Amino acid sequence: MNQKKPVVHLTRKLPDSTETRMRELFDARLNDTDTPRTTEELVAMVKEADVLVPTVTDRIDADLIAAAGDQLKLIASFGTGVDHIDLAAAKARGITVTNTPGVLTEDTADVAMALMLAVPRRIAEGDKVTRTGEWTGWAPTGMLGHRINGKRLGIIGMGRIGCAVARRARGFGLSIHYHNRKPVHPETEAELEATYWESLDQMLSRVDIVSVNCPHTPATQKLLTRERLEMMQPSAYLVNTSRGEVVDEDALADLLASRHIAGAGLDVYADEPNITKALLDLPNVVLLPHIGSATIEGRLEMGDKVIINIQTFWDGHAPRDRVIEAML
Ligand code: 8YV
């Protein structure tokens with residue numbers, strides 16, 4: 001058992017109770033202003049920290065890892081996605097990486113479902129029309145959208161979040177289709193009455209709503225290329241609560257503008273917080289500021305997980321949430 005408290009650097013402001021507990025357990029260095037750290041600041045941190053607690057807004061690349069002092073042994077990320085961390089470089093330097101899976105599954109699935117309803121039913125447009133005084137009253141042909149009940153949903157990536165999306169979607173009368181590296185457990189497939197598509201291309205041309213729920217990895221970088229997006233039906237919608245990098249954002253904007261795709265609901269972007277300008281002017285998109293997991297409950301549970309991962313590691317055990325590159 002390690003007697004010394006680990007020096008733990010937090011790159012961003014975390015919930016108060018998470019930070020207070022960290023101060024009790026560790027020699028935790030906080031970021032009160034919550035200003036995203038510059039590369040120089042991150043370098044200074046990894047030279048000193050035993051443990052770094054980054055978030056999705058930090059780029060933990062090979063150069064940064066090379067600049068770390070030998071004392072840096074753990075990167076305990078606050079979040080599930082680990083595409084901001086160069087896992088191979090961390091492994092090569094013997095640095096363990098952990099994340100916070102599981103605790104943001106339901107919240108993220110809720111936002112995916114909300115977008116699936118919001119876009120075909122024109123919820124955001126309706127809110128705008130009502131507020132701006134453009135609404136002239138009920139009309140038989142006013143604000144018509146499309147029904148989702150009875151339609152087909154195609155989920156890309158049937159992990160925890162994909163399955164949670166499927167469960168919700170079934171409640172709204174959608175039938176479930178999915179593309180994954182391999183089929184899910186037969187029991188899960190039976191429970192969801194889900195249809196597996198080994199070929200993403202085949203699935204894309206047959207479903208009414210596409211939901212992106214796979215992690216961003218080298219294999220899924222721009223998985224939805226222009227060619228693939230063009231395979232979608234002109235009446236179909238795209239929802240992305242995973243990572244912007246999985247979709248060719250420029251191509252998506254073009255196809256939405258020309259109505260080759262009916263609409264999109266996006267919570268994530270390739271270059272956050274910058275958004276492809278063309279998307280901003282389109283009425284058939286709902287754009288959210290990466291709030292998939294943004295609940296107080298979720299953030300506290302993420303904080304708890306980070307603390308447990310650090311404490312377990314510092315006590316000399318393998319943390320449960322360590323990220324193994326081959327798993328991605
Ligand atoms: C998190 C996310 O809030 O966990 C993820 O992968 O995308 C987010 O919802 C973010 O990563 C925090 O670092």
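1. For the classes used here, Ala, Val, Leu, Ile, Met, Phe, Trp, Tyr, Cys and Pro count as nonpolar, Asp, Glu, Lys and Arg as charged, and the others, Gly among them, as polar. On that basis, the shell around the ligand in this predicted model is made up of three nonpolar, six polar and two charged residues.

2. The residues that form this shell are T55, V56, F78, G79, T80, G81, L104, R243, H290, S293 and R299. Under the class definition, V56, F78 and L104 are the nonpolar members, while R243 and R299 are the charged ones.

3. Of the 320 Å² that the ligand exposes when taken alone, the protein buries 89%.

4. As for the domains, the assignment for the protein chain gives domain 1 as 7-103 + 295-324 and domain 2 as 105-287. The C-alpha centres of the two domains lie 31 Å apart, and eight residues of domain 1 are in contact with six residues of domain 2.

5. Two backbone details deserve a check by eye, given that most residues other than glycine have a negative phi, and most peptide bonds are trans. E272 and P273 are joined by a cis peptide bond, with omega at about 0 degrees, and P273 sits in the loop between β11 (263-266) and α12. D34, which is not a glycine, has a positive phi of about 60 degrees, and D34 belongs to the loop between β2 (27-29) and α2 (39-48).

6. On confidence, the protein chain has a mean pLDDT of 97, with 98% of its residues reaching 70 or more. Among its elements, the lowest mean pLDDT, 96, belongs to helix α12 (residues 277-280), and the highest, 99, to strand β10 (residues 237-240). Where pLDDT is low, the predicted coordinates should not be read in detail.

Conventions. Residues numbered from 1 in each chain as written. Predicted model: local features only at pLDDT ≥ 70, side-chain atom pairs only at ≥ 80, totals over all residues. Heavy atoms only, no water. Near = heavy atom within 4 Å. Areas by Shrake-Rupley, 256 points an atom, 1.4 Å probe, with all protein chains shown as cover. pLDDT = per-residue confidence, 0-100. Helix = DSSP H or I, 4+ residues; strand = E, 2+ residues; numbered from the N terminus. Domains from an automatic or database assignment. Contact = heavy atoms within 4.5 Å.
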